[in-house]
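Hi,

Here is the structure I promised to pass on. Have a look first, and then read on for my notes on its aromatic rings.

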Amino acid sequence: MQQQELIPHLFRTEFGRITAVLCKLFGFENINVAEDITSETFLAALDTWPYKGIPENPQAWLYTVAKNKAKNSLTRKQLFDQKISLAVQAEYPTEDVMEIDLTDRNIHDSQLQMLFAVCHPSIPPEAQVGLALRILCGFGIDEIAHAFLSNKETINKRLFRAKEKLRAARVKMEFPPENELKARLQPVLTTIYLLFNEGYYSETENEILRKDLCDEAMRLLKMLIDYPLTNKPEVNALFALMCFQASRFAARKDKNGEIVLYEDQEESLWDKELITIGALHLNMAAQGSYLSKYHLEASIAYWHTIKADTPEKWENILHLYNHLLVIEYSPVAALNRTYALARVKGNEAAIIEAEKLNLTNNPFYHTLLGELYKDINTLKAKEHLLNALRLAKTDTDKKTIYAKLEAL
Amino acid sequence: MMNEYALIMRHQDGTKVASPEQIQVWMKQTMDWIGGIAAQNKFVSGTGLPFDEARVVSHNKVVTNGPFGDIKETIGGFIIVRAESADEAAELAKGCPVLQGEGNTVEVRKIAKNDNTH
């Protein structure tokens, strides 16, 4: 029998789907049961596939096994004695209990509901990201630990506590009611945004893992876009932002894995198709009167997809950063705004504003001032770059600063 | 201790009509000024006060259109900033483009706190 090629990430993708569907069936409070059944299903595959060959339709095989395991689990007495039985019996009066719905529609709905469940405001954002990675994206604990530069034990504890809190908050597998949707959507978008940034800026050397994190963030966001009630302008704006950022993925690292700064990037390596998709979603985002920070960030990212420096480009970027800072302050935005100001009004004007920022403990503050002083006062530039070097946290940043010092 | 201050922009003569081009320049300058304050994490809120649909209610409860009656001076808008002191708030006010017009002023006023001290 011909060995069929295993679909890349099959188990990872199916973990999220099967767990979501089972969790919807058992109730969120029994999420551990759902996770266990999914894991057991994969173990069963591991026991069989290497010897009998990979089935024609591996997905269907997994669903069948998962269904059987779920049925067994449901009929197991101890489980029935717990809350599950009442909940399940109420919803599926008699024989229907055995119908476990693994249709595309139910998988999609369950995953969306799971997204809202794990992005519940009762747990902190980093716990939301961890849970989303584990439950919705099927990442292993070791992979999550790797992505967060942490260890398995810490991540396990974090996820355990998060699930306890969600149970205590009586979080349910359901769509938020329409009047709460706008508010509940915010932490969901924050989590997906963090997930993407984790991949885009992560220090982990594992390039494939980083790309996967970004892909997963975009996949989750696409689910929200495909669902009419959550297909909101700000969701499209965030998706556009990610498309523009991801378009530079291949250009950001050289052959040795070193970061290539924006100015030095090979434009031909930018993914034009992603830029086009991003522009499409940015257009779709331009509806209604609500201007989210994602709109502004996506517009800034859009201008960065145009490599040529024009006064128009930097004036627009400055304007967008002004607006972004008014909506929400962040040190990164403050520093980037000052850089844009330098491009519009010159370095001397920007130095005056930069020195008011009060970010003397931030390495990027000193990198910026080093850059601004470069042609004005070499001594000052050096002083700032040395400060930056002292404060820099990652090797990549240190290398970048060092190169600037060398070039003075 | 951070306090909040209102920076109130006063125009000496609100009846002066500026060209659309000039208004656009002012708008950009104002946004740059506010962006600079926001970049220091000192911006709280703010709004412009357009003259369209403005009304003035007088002592005798007569309502007139527009802010301009016997006095030409008018308020163009205000922003609220975070600052340690009135002096620091005044420092922020110095960048306000309204001050390019001779006779125009920015008034700095502390916002009363809801902590029973006022």
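This is a predicted model: local features need pLDDT of at least 70, side-chain atom pairs count only at pLDDT 80 or more; totals for chains, interfaces and linings use all residues.

Now to the rings themselves. Searching the whole structure gives 13 aromatic pairs over all chains. In one of them, A:F196 and A:Y200 have ring centres 5.7 Å apart and planes at 15 degrees, so this pair is stacked. Both residues belong to helix α10 (residues 178–201) of chain A, and because they are four residues apart there, about one helical turn separates them. A:F196 is buried, with 2% relative accessibility, and A:Y200 is buried as well, at 3%.

Another pair is formed by A:W314 and A:Y339: their ring centres are 5.5 Å apart and the planes stand at 80 degrees, so the arrangement is edge-to-face. This pair links distant parts of the chain, with A:W314 in helix α15 (residues 311–327) of chain A and A:Y339 in helix α16 (residues 331–345) of chain A, 25 residues apart. Which of the two counts as partly exposed? That is A:Y339, at 25% relative accessibility, whereas A:W314 is buried at 7%.

Finally, do look at the cluster that ring pairs build from A:F11, A:F15, A:F42, A:W49 and A:W61.

Terms used:
Residues are numbered from 1 along each chain as its sequence is written. Chains are lettered from A and ligands numbered from 1 in the order in which they are written. Side-chain values use heavy atoms; hydrogens and water are left out. Rings of Phe, Tyr and Trp (its six-membered ring) pair if their centres lie within 6.5 Å; planes under 30 degrees apart count as stacked, over 60 as edge-to-face and the rest as tilted. Helices (H or I, at least four residues) and strands (E, at least two) are DSSP runs, numbered from the N terminus. Buried means under 20% relative accessible area, exposed over 50%, partly exposed in between (1.4 Å probe, protein chains only).
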